[in-house]
Amino acid sequence: NAPLTSATGAQVWQITVRDGGATMNDADILPTIVTGFTLTQNSGNAVNNWLDAIKTIALFDGSTWIANASSINETTIVFSGLTVSVADNSSKTLSLRLSLNSTLNNLGSGNLDGDDFVFNITNANFTTLTNETSSTKASFTTASSTNGQNALDVVGTKLLFIQQPTSVAANANISPSPSVQATDIGGNRDLQF
């Protein structure tokens, strides 16, 4: 997997972790230490197989790289072995950036131009350190990214004949009519062209 930086790939989501909850005022003097989380597909997700589509996905704190996903499968992305510390009574916003495999149209599910990623994070799939050096996690409702915001956009860079005429005669109709499509360098079709 190619390494990502805070300026490469595409930012697809941000997650804010608060120590102390909504009021940011808890009774302890401990930070919250995030050890892992799993992203799952939301029902609005249109990219069926994340393993085939995603080349790399990484977690950042501002411009600082924290980790690449420890595993990606068809419907989940796992970040494990983390030690992200959020200071007592403060918050930290983490960013997810990803890069895609170049041959999206060869994934067995047709052309993905316009399909979108929609991520969920649930209380059960979010872990913090529990050895009395970290605040404990309060229960939260499932958070989801916005449907339609992380859509794939294929931009055609070359034209290909997908139907060439078999016969051309002077002053006659071309048969069959030629058909042209725009594709990117990976052969993905630009459906808006």
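Predicted model: local features only at pLDDT ≥ 70, side-chain atom pairs only at ≥ 80, totals over all residues.
Trainee: Which residues lie nearest its centre?

Mentor: Look for Thr 16, Val 17, Arg 18, Ala 138 and Phe 140, out of 21 lining residues. Two elements, strand 1 (10–18) and strand 10 (126–128), each give two or more residues to that lining. The largest share, 4 residues, is from strand 1.

Trainee: And what classes of residue make up the lining of the largest pocket?

Mentor: You'll find 8 nonpolar, 9 polar and 4 charged residues there.

Trainee: Okay, on to charges. Which side chains meet in a salt bridge?

Mentor: In general, side chains of opposite charge can pair when their charged atoms come close. This structure has 1 salt bridge, and it joins Asp 61 and Lys 92, at 3.2 Å from N to O. Asp 61 sits in strand 3 (residues 54–61) and Lys 92 in strand 8 (residues 91–100), so the pair links parts of the chain 31 residues apart. Asp 61 is partly exposed, at 28% relative accessibility.

Trainee: What about phi of Asn 89?

Mentor: Phi there is near 55 degrees, a positive value in a residue other than glycine. Asn 89 is in the loop between strand 7 (84–86) and strand 8, and is partly exposed at 29%.

Trainee: Where is Glu 132 placed?

Mentor: Glu 132 is in the loop between strand 10 and strand 11 (143–144). Its phi is positive too, near 65 degrees. Glu 132 counts as exposed because its relative accessibility is 73%.

Conventions. Residues numbered from 1 in each chain as written. Heavy atoms only, no water. 1 Å grid on protein atoms, 1.4 Å probe; cavity = no way out; pocket = protein on both sides within 12 Å on 5 of 7 lines; lining within 4 Å. Nonpolar A, V, L, I, M, F, W, Y, C, P; charged D, E, K, R; others polar. Salt bridge = Lys/Arg side-chain N within 4 Å of Asp/Glu carboxyl O. Buried < 20%, exposed > 50% of the residue type's maximum accessible area, 1.4 Å probe, protein only.
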